[in-house]
Amino acid sequence: AGTSFSFVAEDAKQLEAQVEHWDLDGLLKPGWKGIVQEFVGGIEVSVEGWFNGENFTEDFNITLEEKRPYAGSLGPNIGCAYNTIFPIKRSSALVKKCLDPLGDFLKREGFVGQIDVNNIVGQDGTPYALEFTPRTGYDCCPTLAFGWGFGWRIARACGLEYETPEDRGFKFAGGVRVYIPPYPIEIEDSGTVEKMCANVKVDRPESLKEFFYEYDTKRTDDGLVCAGSCGIIGIAHGSGDSPREAGLAAYRVAERVKVPGKSYRAIDGWRRG
């Protein structure tokens with residue numbers, strides 16, 4: 001089993017320094033190989049659809065993610081600090097460019113389910129695929145489920161009859177990741193992580209039950225507490241007719257969840273929406 005690393009360098013000198021750092025730390029095995037890619041500037045956009053084994057259903061959406069935990073896109077890349085989701089139609093150019101070309105391959109492989117193509121969309125509108133994700137992922141799926149439901153999508157992809165839920169009356173949904181230390185620092189010793197955050201009391205008002213997706217939590221005789229596996233308490237959700245409106249609603253939920261050491265990206269999470 002190998003280990004993969006990625007690094008966005010400002011120039012060749014910085015890249016060489018990073019490779020030397022990995023080597024000195026003993027992270028590069030004999031015969032290791034690397035791939036150098038050209039950096040393409042633009043907006044990171046995920047295009048998602050559901051495949052039923054023969055073709056795509058009519059259920060598509062876009063996900064925009066802020067991957068860094070601090071305002072102004074500072075800090076380490078944690079995958080998703082904030083996300084904005086909105087449905088799109090099959091006629092969308094991004095569906096035609098990013099998902100439709102996969103149809104024949106997915107059919108040959110007998111694929112059924114959710115598939116996401118994560119792209120950098122350049123200033124000219126051209127998408128450059130970064131990764132293909134055939135799985136339910138965090139934090140977009142809890143936000144998608146909050147906004148438009150999830151079970152019916154799985155059912156339709158499996159060929160089961162399931163009515164599409166009624167329109168809930170908004171266009172966008174947002175989700176902000178709420179966490180406590182040691183997250184976002186990665187610690188290999190799980191015992192250390194558990195010691196630092198396990199059993200920290202979480203006060204999530206009952207009225208927010210449908211607006212807060214619980215993650216690293218568990219129920220005890222004392223109520224809801226952090227389970228101690230990573231420190232991510234959950235995802236606070238909101239909706240609205242604009243990315244900003246959905247974002248502000250999500251932040252209002254995050255503000256009402258009480259937990260010592262609570263952290264989340266500042267209120268600019270929705271800005272790229």
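Hi everyone, let's start with His237, which is found in strand β10, residues 232-240. Strands here are DSSP runs of E with at least two residues, helices are runs of H or I with at least four, and both are numbered from the N terminus. A quick word on the source: this is a predicted model, so local features need pLDDT of at least 70 and side-chain atom pairs count only at pLDDT 80 or more, while totals for chains, interfaces and linings use all residues. Residues are numbered from 1 along each chain as its sequence is written, and side-chain values use heavy atoms, with hydrogens and water left out.

Is His237 buried or exposed? His237 is buried, at a relative accessible area of 2%. Buried means under 20%, exposed means over 50%, and partly exposed is in between, using a 1.4 Å probe and protein chains only. The His237 side chain makes a polar contact with the side chain of Thr143, at 3.3 Å. For a polar contact we want a pair of N or O atoms within 3.5 Å; within protein, one must be able to donate a hydrogen and the other to accept it, and residues adjacent in sequence count only if both atoms are side-chain atoms. Not counting residues up to four places away in sequence, His237 also touches a list of residues including Phe146, Phe211 and Tyr213; contact means heavy atoms within 4.5 Å.

The structure holds 11 aromatic pairs. Rings of Phe, Tyr and Trp (its six-membered ring) pair if their centres lie within 6.5 Å; planes under 30 degrees apart are stacked, over 60 edge-to-face, and the rest tilted. One of the pairs is Phe86 with Phe172, and it is tilted because the centres are 5.2 Å apart with the planes at 55°. Phe86 lies in strand β3 (residues 82-88) and Phe172 in strand β6 (residues 172-179), so this pair ties together parts 86 residues apart in sequence. Phe172 is buried, at 16%.

Phe146 and Phe211 form a tilted pair too, 5.7 Å centre to centre and 55° between planes. Phe146 is in helix α4 (residues 140-148) and Phe211 in the loop between α6 (190-197) and β7 (212-214), 65 residues apart. Phe146 is buried at 8%, whereas Phe211 is partly exposed at 32%.

Finally, back to Phe172: its C-alpha is 5.9 Å from that of Asp241, 69 residues away along the chain. Asp241 sits in the loop between β10 and α7 (243-256) and is partly exposed, at 44%. Thanks, everyone!
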